[in-house]
Amino acid sequence: MKLQIALDRLGYDECFEITSEVHEHVDIIEVGTGVIKEYGLGIVRDLKTKYPDISILADVKICDAGKSESEKSFEYLSDLITVMALADINTVRNCQEVADRFGKTLVVDLLNIKDFSLLDHLKEAGVRAVSLHVGKDQREADMKPAYDKLKEYDFDLFVAGGINEDNLKEYLKFEPDVVIVGSGITQAKDKVDAAKTLKSAISEFRL
Ligand SMILES: O=C(CO)[C@H](O)[C@H](O)COP(=O)(O)O
């Protein structure tokens, strides 16, 4: 199980400051959608250049033009990128084909998906990783039915949305492959301590 830090709602320098503090305790660095909107994919390339041994996820949340959007993201050195499950299945398929060609990873973001018959289509499109993501505007959503449904599939599972040291256990029981934590680290008083605590809880977790 891996820990992914999400760099959201931060300035360019803050992203580098926080990364320099916590990089030893995380497995994947996510450059958040808003950060990419503000600074462009150049910040993904700059982080990867500084931390070549850490995987960088560009949370580009692709909705259309899957081939060109994903090619561009990988050209800027992303190791992983995201596409929205609500996009047309051809968009997802095109992103997956590009990810396979680059030898990189596509994560399909299931934000706001309520009809899980979609998972069969994702499988058919060659998808291997999905993210069960509770959005900032929907924190009360009950994700249990989604977790139960996902157990029937062998996707690599990322989980995201308001995860912190206090509620981590609630997510670990669903046995995700990657736990994504944004504000639980970036807004913590002691970011290094938060990252260390989360990483050791994840590493020590046994069902
Ligand atoms: O968009 C995201 C993942 O796809 C966010 O980065 C994720 O929700 C983590 O942020 P937080 O822990 O602050 O909720």
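Guide: The model is a predicted one. The pair consists of helix α1, which spans residues 12-22, and helix α10, which spans residues 191-204. Their axes lie 9 Å apart, and the two helices pack at an angle of about 55°. An angle between 35 and 65 degrees is neither roughly parallel nor roughly perpendicular, and α1 and α10 are therefore oblique to each other. The crossing in which α1 passes α10 is right-handed. On the side of α1, the residues that make the contact are Ile18, Glu21 and Val22; on the side of α10, they are Lys191, Val192 and Ala195. Sorted by class, this contact of α1 with α10 comprises four nonpolar residues and two charged ones, with no polar residue.

As for the whole, the protein chain contains ten helices and eight strands. Its radius of gyration is 16 Å, close to the 17 Å that the globule rule gives for 207 residues, so the chain is as compact as a globular protein of that length. Along the principal axes, the C-alpha atoms of the chain fill a box of roughly 45 × 40 × 30 Å. Of the 207 residues, 39% count as buried. Finally, among contacts between residues at least 6 apart in sequence, 60% join residues at least 24 apart.

How values were computed. Residues are numbered from 1 along each chain as its sequence is written. This is a predicted model: local features need pLDDT of at least 70, side-chain atom pairs count only at pLDDT 80 or more; totals for chains, interfaces and linings use all residues. Axes are lines fitted to C-alpha atoms, for helices over the stretch in contact, and angles run from 0 to 180 degrees between N-to-C directions. Helices (H or I, at least four residues) and strands (E, at least two) are DSSP runs, numbered from the N terminus. Angles under 35 degrees count as roughly parallel, over 145 as roughly antiparallel, 65 to 115 as roughly perpendicular and the rest as oblique. A crossing is left-handed if the near helix is turned anticlockwise from the far one by less than a right angle, and right-handed if clockwise. Two residues are in contact if their C-beta atoms, placed from the backbone, lie within 7 Å. Ala, Val, Leu, Ile, Met, Phe, Trp, Tyr, Cys and Pro count as nonpolar, Asp, Glu, Lys and Arg as charged, and the others, Gly among them, as polar. The radius of gyration is taken over C-alpha atoms; the globule rule is 2.2 Å times the number of residues to the power 0.38. A residue is buried if 20 or more other C-beta atoms lie within 10 Å of its own, exposed if 12 or fewer, and partly exposed in between; C-beta atoms are placed from the backbone.
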